[in-house]
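Welcome, and please open the model in your viewer.

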Amino acid sequence: MHRGHAPGGVAVSAQEKLLANVEELVAEAGDLREWITWTDDLPELQLGGKRARARLLLATAASLGVLGEPAAVLAATVEMIHNASLFHDDVIDNADLRRGAPTLHSQNGNRFAIMTGDLCFARAMQLITRLDNLEIYRRVGQAVVDLAAGQLAESTPGPANGGLEHYYRIVDRKTGSLLSLCVGLPGVLADLPPDQKDGLFRAGELLGRAFQIADDMLDLSSDTEHTGKDALRDLHEGRLTWPYLTMLELAAPSQRKILQAVLDDAGTATPTTLRQMAQEVGLFDHVRRCLDDHLAQARILVENVPRWQDGKAFFQVCSALAHRTR
Ligand code: IPE
Ligand code: IPE
Ligand code: MG
Ligand code: MG
């Protein structure tokens, strides 16, 4: 991230300093050596990715004038919950790669990965008690429930022809839960009136949709060397995510038949065939419009808060998370 000019520049470098605090808090919370003291033969946990959630939360806090230590604690808590969810997610999704490295479960077994995930969830709950704020505890607790419910819903057969509606129901929980905290919790720190806080939580949920759509697009359109994850993992695990559901909607009847046959035989579908089909039905233009639409809706909601100011860093973070390439 590059530094902006004053007055935004001052806020950006303050955010970078707090991001360093977040790194320390996360590393401390995820240090397994505190419990397993009798051996040095412990895996180094992968606790840091792009830090999209921490950046979003700090940028929101800056726009609301509440950038400080409590915002860093919130950001570390959300990143810790996120890490916990990924240790479990990789077991559920049978994924071999994460952040360009072998997943915890593929190296150390499911038992180790599941318990490490549990420990990280619990550590996040401890971290948040550094702030003395009942509403924040409630909001974070609800988000963890929603995240788990979303993951469970995705692991359960959906309604017949659930389509995009069912997809969004899952995404709002499994991903929107945390993104929503990133935009909403600074509003709690700022002690905003309830309707303004609700608008911020809703804006975060919309960003969660954009974030997951971008993630699901990368599963189809990008390669392991860029994402650090296996390509076509969703399809090979039988998950019809946004790109596939949308391609089916966009396709003409004759194309839909061919596409459906390819999706039904997901094991043999190749990235080249699918990308060609995506091109033919106009998926790449469609996704750009859809992401921009989510960002625009989120923007209206945050700018509705009278206290909102200097949102340049915030909008840069939003755009980066929707138009990311990894
Ligand atoms: C991956 O999240 C899981 C999703 C919700 C799509 P990120 O893409 O933020 O993962 P890291 O933390 O940067 O690795
Ligand atoms: C992301 O799951 C949501 C959570 C981890 C709660 P995905 O399975 O869609 O994300 P990736 O693609 O593995 O990162
Ligand atoms: Mg998953
Ligand atoms: Mg996954």
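Start by selecting the magnesium ion (ligand 4): D89 (OD) and D93 (OD) coordinate it at 2.1 Å. Donors here are N, O and S atoms within 2.8 Å of the metal (3.2 Å for Na, K and Ca), and water is not among the atoms, so sites may look incomplete.

Before moving on, a word on what you are looking at. This is a predicted model, in which local features need pLDDT of at least 70 and side-chain atom pairs count only at pLDDT 80 or more, while totals for chains, interfaces and linings use all residues. Residues are numbered from 1 along each chain as its sequence is written, chains are lettered from A and ligands numbered from 1 in the order in which they are written, and side-chain values use heavy atoms, with hydrogens and water left out.

Which residue bridges the magnesium ion (ligand 4) and the magnesium ion (ligand 3)? D89 does, and the two ions lie 3.2 Å apart. Both D89 and D93 are buried (under 20% relative accessible area; exposed is over 50%, partly exposed in between, with a 1.4 Å probe and protein chains only).

**Ligand 2**

Keep D89 and D93 selected and show ligand 2. The residues around ligand 2 include D89, D93, R98, K174, Q212, D215 and K229, each with a heavy atom within 4 Å of the ligand.

**D215**

Next, centre on D215, which lies in helix 9. Helices are DSSP runs (H or I, at least four residues), as strands are (E, at least two), numbered from the N terminus. Is D215 buried or exposed? D215 is buried, with a relative accessible area of 18%. Its side chain makes a polar contact with the side chain of K229 at 2.8 Å. A polar contact is a pair of N or O atoms within 3.5 Å; within protein, one must be able to donate a hydrogen and the other to accept it, and residues adjacent in sequence count only if both atoms are side-chain atoms.

**Ligand 1**

D215 also belongs to the set around ligand 1, along with residues including K50, H82, R99, F211 and R324. Polar side-chain atoms of H82 and R99 each lie 2.7 Å from an oxygen atom of ligand 1. For R324, the distance from a side-chain N or O atom to an oxygen atom of ligand 1 is 3.4 Å. Ligand 1 exposes 390 Å² when taken alone, of which the protein buries 90%.

**Helix 14**

Finally, select residues 271–281, which form helix 14, and colour its buried residues: L274, M277, A278 and V281. They cover an arc of only 105° around the axis, so they sit on the same side of helix 14; the arc is that of the directions from the helix axis to the C-beta atoms. T272, Q279 and E280 are exposed on the other side. Just after the helix, G282 takes a positive phi of about 80°.

Conventions. Areas by Shrake-Rupley, 256 points an atom, 1.4 Å probe, with all protein chains shown as cover.
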